[in-house]
Amino acid sequence: MGISSGVGAGTEGVHASVVALDALDREDAFLASGTAFGSGAAVGSGVDVLQRRYEIRLERLEVTARLEAQLAAMKARDASEALGFQQAMTPPDASLHDRTYTEMSTVEEIAGVLTISSAAAGALVDQSRKVCSLPPVFKALAAGDMSWQHAKVITDETEGLDPAGAAGLVAHFFDPDAPHPARGAAPGELVPSRFRAKVRGWRERHHPESIEKRHTKGFADRRMEYTPDRDGMARVTLYLPGDTACAIWNRTTATARGLQGPNEPRTITQLRPDIAASLLLSTGNAMETNRNTTAPASEPVSNDEGPGNDDGTGTAAGSRAVREIGKVPTPRADVLVMVPVFSLLGATDEPAVLDGVGPIPASMARKLVADGADSFYRVLVDPRDGAPLEIGRKNYRLPETIKRWIRMRDAKCTFPGCTNLTPDNDTDHLTAWENGGTTGITNLAQLCPKHHRLKHHSQWTPDPATMNDPPGWTSPTGRHYKPEHPDPKPPHWPPGIIPMNAVARATEDLEWEPLLADMPNWPDPPPEEPPAGNLLDPSGLCPTDPLWDDFYAQPFNLPPDPEADSWLLLPLM
């Protein structure tokens, strides 16, 4: 991006936003004084002054957010170009040592100008250079279409991708003419955390290193961390595989919901850590009791003392107790896992999607299904377009099936900006039953308890949903918020297999008539004569002729199927 063009685009956007803010300020001043805006006459009785001044506040917040994004783009451009100019002034024959200190000096200058730490300035320069190297991202930021937080999501998630992969990610979310553009809300219409989840889902499918290899590395780094905090408090953090962490969260949430009642003063936020502490400490006491009978806690438990000590209180018992504690059970919390058909069969290693977590390795999904986890419900994905096919279930209760389908479709509370992923969201009628609403998927959506109550006590209005898309929402002031679509993609096919729909697309544009015109004009083959003269015409036999009995007594053999090995080429119905 050229320097002059960047300056022009940035300053024009800032100027337009400042003008819009000034107009809103003047209108508000006129309303506050009781004078109609632009006329000098008194405000008429038909004007709801308080309502209009309320709307002006919302409009000013909207313009201010756009202005902040535009200023962030200017800051990013200046930080990136400042380093570029400094590098241009460095002599070409300068040593690596001199170039490094020149860059460090520039970062320190930026830190002093902005009154931030050196580390923060270094991070700003690095992020700014990445944003400026991706023109569609910088353009959206300079136009105020998204915030600096959204731009940082792109810089974070393109880390580790090659230039082609980074360009593909940016095109998917910022180029409407891309082969498979993102659906639903634009990047700036999603809260940054939800935008990150959407971008990360795309990244996991297109990362040059498979998620299986990256998960293996991450699994080796699992750990528990303890951090003392203020006021006599502390934090305990677990870094675990996604399915285990998700199950822990969902189980503590479900238990907390069960404990809530009129006589329970604790909130669900307070109940979760109390339940986790109770479960962990009760298990820890049992382990410590067994260990104290065998060896010090600092020493490994061994079973080298011989069979004479295997009496329930010796080393063997202690070893069994420790092994049992260390074995992570198959999670039992109610979780949906969306698995591509070929991935479930082991033909590909395409990631699955775990409800509340995001992409997970195919091996983890296959293990969850193979182990028969009681409340992991697998959702098969259509090999043609990535749409869900059906939900596996162990019962035929229609309400539970519908609830799981809604959870799979919505993935979270559908209210704009809400990130509640817990499985205890309410399945609510978009149009109330008493107002003619039906109990169908297109009239149901997930809402957390907070936004469920808000819907029934305010003018927030949901749009109708569809089979595969959650509803959008309209605010009391008429602002419309698009839904966050799940953005499915056609799954990967096994190597050497070409989907029939792909073959059809590839041959749609072929010019068949010229090809047929060039074909040789072969003569039709002569009709085959009967191999013998003892054949009868069936139409000449009466229905009671004994030959019919002999005919039907013969075994009925089908000829070999010439396409027996090409069943995968057929589109699934």
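What share of the contacts in the protein chain with a separation of 6 or more comes from residues 24 or more positions apart? I looked this up before anything else. The share is 55%. I note here that the model is predicted.

**Entry: overall make-up**

I went through the secondary structure. The protein chain has 19 helices and twelve strands. I then checked burial. The chain has 573 residues, and 34% of them count as buried.

**Entry: Asp28**

I looked up Asp28 and found it in helix α1, which covers residues 3-33. Is Asp28 buried or exposed? Its relative accessibility is 8%, so Asp28 counts as buried. I listed what it touches, leaving out residues up to four places away in sequence. Asp28 is in contact with Arg53, Ile56, Arg57 and Arg60. I also checked a C-alpha distance. Asp28 and Tyr54 are 26 residues apart along the chain, and their C-alpha atoms are separated by 9.6 Å.

**Entry: α2 against α5**

I turned to helix packing. Two packed helices are described by the angle between their axes and the distance between the axes. I wrote down the residues that make the contact. From α2 they are Ala69, Gln70, Ala72, Ala73 and Arg77. From α5 they are Phe138, Leu141 and Ala142. Sorted by class, this contact of α2 with α5 has six nonpolar residues, one polar and one charged.

**Entry: Ser80**

I stayed on α2 and looked up Ser80, which sits in that helix. Ser80 has 17% relative accessibility, so it counts as buried. What does Ser80 touch, not counting residues up to four places away in sequence? I found Ser128, Arg129 and Cys132.

**Entry: α4 against α6**

α4 and α6 pack at an angle of about 80°, and 9 Å separates their axes. That angle makes α4 roughly perpendicular to α6. On the α4 side, the contact uses Leu124, Gln127, Ser128, Lys130 and Val131. On the α6 side, I noted Trp148, Ala151, Lys152 and Thr155. By class, the contact of α4 with α6 has four nonpolar, three polar and two charged residues.

**Entry: nonpolar cores**

I searched for the largest nonpolar core and found that it has 28 residues. Which of these touch the most other members? They are Val137, Leu141, Trp148, Ile154, Phe174 and Phe195. I then asked which helices supply the core. At least two residues come from each of α2, α4 (118-132), α5, α6 (148-157), α7 (163-174) and α8 (192-206). The largest share is from α5, with five residues.

I followed up Phe174. Neighbours within four places in sequence aside, Phe174 is in contact with Pro136, Val137, Ala140, Met146, Ile154, Pro187 and Phe195. I found another core apart from the largest one. It has eight residues, among them Val14, Leu24, Ile56 and Met74.

**Entry: cysteines**

How many disulfides does a search of the whole structure find? I got zero. I checked Cys418 to see why. Its sulfur lies 3.6 Å from the closest cysteine sulfur, that of Cys413, which is too far for a bond. The cut-off I needed here is 2.5 Å between sulfur atoms. I also looked at Cys448, which is in no disulfide. For Cys448 the nearest cysteine sulfur is again in Cys413, 3.8 Å away. Cys418 is buried, at 9% relative accessible area. Cys448 is buried too, at 4%.

**Entry: positive phi**

I finished with backbone angles. Most residues other than glycine have a negative phi. I looked up two residues with a positive value.

Asp231 has a phi near 60°. I placed Asp231 in the loop between β1 (223-228) and β2 (234-239). With a relative accessible area of 76%, Asp231 is exposed.

Ala411 has a phi near 70°. I placed Ala411 in the loop between α15 (398-410) and β8 (426-429). Ala411 is partly exposed, its relative accessible area being 31%.

Definitions and conventions. Residues numbered from 1 in each chain as written. Predicted model: local features only at pLDDT ≥ 70, side-chain atom pairs only at ≥ 80, totals over all residues. Heavy atoms only, no water. Contact = heavy atoms within 4.5 Å. Helix = DSSP H or I, 4+ residues; strand = E, 2+ residues; numbered from the N terminus. Nonpolar A, V, L, I, M, F, W, Y, C, P; charged D, E, K, R; others polar. Core = buried A, V, L, I, M, F, W, Y, C linked by side-chain atoms within 4.5 Å. Buried < 20%, exposed > 50% of the residue type's maximum accessible area, 1.4 Å probe, protein only. Axes fitted to C-alpha atoms, helices over the stretch in contact; angles between N-to-C directions. Parallel < 35°, antiparallel > 145°, perpendicular 65-115°, else oblique.
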